[in-house]
Amino acid sequence: MARDGIGTITKFAGPRMLPFFVTVALYFSLIGQTQRRTVVSTVLKCLPIVSLWAFVVLTGFLFKRSHRYKHLILLGLVISCLGDLLLNYDLFEAGMGGFAVAQIFYISAFGFRPLRAWIGIPLFCFGVAAVALMFENLPTIIKICLPVYGVLLVTMCWRSLARINCPKNVLRTLCGIGSILFVISDSIIAFDKFYNPIENAQTAIMVTYYVAQFAIALSVLESTETESKKSQTANKLSSSVPKPQNGMKKSRKVV
């Protein structure tokens, strides 16, 4: 499926992603009529991510070591939802901490092979420049938290991009694009809050954020495909083992 193209992926994932598209539409339709720090606005904000939990589970979810990638992506989505809740109640530092943990789960899922340091170096340079630009405007606690979170965010993006082994691997490519959008979304938050207000910042933040999480969640389909191939191979091997003939069974009994 990873190399079968957008059409095949859409056919498989489309019905399972329908709740995500519906809840995203609800968010952008209704969020303007609600206030921050309310249950309604929190539910509207979190529902799209909750629907992505359901998507991951519906692709085939077992508590096996072979499903480790799905486990880690699901944990990242769950903690992201907690981060959304905290940010909606203006608990910025706590929300950042939640998303930091989510990035750790994503990094663990993507792994460090192949390393491809040449991808990470420019990303880290961007991170250092961005933090340096707004550093003097940061509150004391954020001067500690933001660089730490920035390292985790950039590392997540680096590891996602490093996994792309060829353009035909659609799922990994989309996941890489999603990781870039995650960096863009969080960068807009930081620049809008600590450097210079950005027009329509909230809309830009949420659009890039939801697309990013969508693309990362979609990447579990590659794990599903791998499991399916292993299962088919095991079935073929078991069916190819010759069965003992009746005559052989009888001769053993005589002996």
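View 1. Helices are DSSP runs (H or I, at least four residues), and strands are E runs of at least two, numbered from the N terminus. This is a predicted model: local features need pLDDT of at least 70, side-chain atom pairs pLDDT 80 or more, while totals for chains, interfaces and linings use all residues. Residues are numbered from 1 along each chain as its sequence is written, and side-chain values use heavy atoms, without hydrogens or water.

View 2. I119, G120, G127, A130, V131 and M134 are buried (under 20% relative accessible area, 1.4 Å probe, protein chains only; exposed is over 50%, partly exposed in between). Seen down the axis of α5, the buried residues fall within an arc of 95°, so they line one face. The arc is taken over directions from the helix axis to the C-beta atoms. Those residues pack against α6 (140-162) and α7 (170-194). The face turned away carries exposed W118, I121, V128 and A132.

**View 3. The end of α1.** L30 lies in helix α1 (residues 6-30). L30 is partly exposed, at 32% relative accessible area.

**View 4. Whole chain.** The protein chain has ten helices and zero strands. Of its 255 residues, 44% count as buried. Among contacts (heavy atoms within 4.5 Å) between residues at least 6 apart in sequence, 77% join residues at least 24 apart.
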